[in-house]
Amino acid sequence: MYSFDIAAGSKAELYRDLHAALDALTAGEPDAIANMANAASLIGQYLPDLNWAGFYRNVGGELVLGPFQGKAACIRIPFGRGVCGAAAATRATQLVADVHAFPGHIACDAASNAELVVPIVHDGELIGVLDLDSPTTGRFDAEDAAGCEALMALLAPRVTG
């Protein structure tokens with residue numbers, strides 16, 4: 001149904017193409033879970049060197065597992081606990097080169113060594129977080145953080161329902 005031409009060139013090109021593809025996948029779709037599911041699939045398929053890509057939703061002030069690609073995961077995470085909880089509590093992107101050095105890291109998959117978590121905020125409300133894990137220490141950088149923040153800015157109004 002959908003076919004995307006995702007660049008294999010620079011990281012900037014990759015995120016530009018992912019943004020366009022995510023826009024095409026979610027435009028006009030009012031269902032938040034469907035949009036998160038397609039976003040997780042798209043990111044998991046096209047971002048290299050990931051072993052988990054998905055969402056945790058803010059449900060009653062707690063992060064609850066949402067759509068994802070990867071191994072089974074922790075279901076509930078309190079705000080302030082682990083990398084996802086830190087992103088939810090601070091509403092700031094967490095870029096962690098070595099999760100084993102992160103105080104209170106929650107190890108859902110022992111193969112994960114690096115993590116990038118981006119809060120999803122719309123109209124001042126925390127909707128949830130995008131969580132990306134990699135088996136490679138130092139996998140994520142500032143360009144990944146900025147690219148994923150742009151993806152979540154696009155997605156935020158499309159996952160509020």
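Six strands form an open sheet in the order S3-S2-S1-S6-S5-S4, with antiparallel pairing (strands are DSSP runs of E of at least two residues, helices runs of H or I of at least four, numbered from the N terminus; two strands pair if DSSP finds at least two bridges between them). The model is predicted: local features need pLDDT of at least 70 and side-chain atom pairs pLDDT 80 or more, while totals for chains, interfaces and linings use all residues. Residues are numbered from 1 along each chain as its sequence is written, and side-chain values use heavy atoms, without hydrogens and water.

Strand S3 (76-78) and strand S4 (94-96) are the edges of the sheet, each pairing on one side only. Within the sheet, strand S5 (residues 114-122) pairs with S6 over nine bridges in the antiparallel sense, and Glu 115 stands opposite Asp 133 in S6.

In H2, the buried residues are Ala 32, Asn 35, Met 36, Ala 39, Ala 40, Leu 42 and Ile 43 (under 20% relative accessible area, with a 1.4 Å probe and protein chains only). These residues lie on the same side of H2 because they cover an arc of only 165° around the axis, taken from the directions from the helix axis to the C-beta atoms. Their packing partners are helix H1 (11-26), strand S1 (52-58), strand S2 (62-70), strand S6 (125-134) and helix H4 (142-155).

Note on methods:
Buried means under 20% relative accessible area, exposed over 50%, partly exposed in between (1.4 Å probe, protein chains only). Contact means heavy atoms within 4.5 Å.
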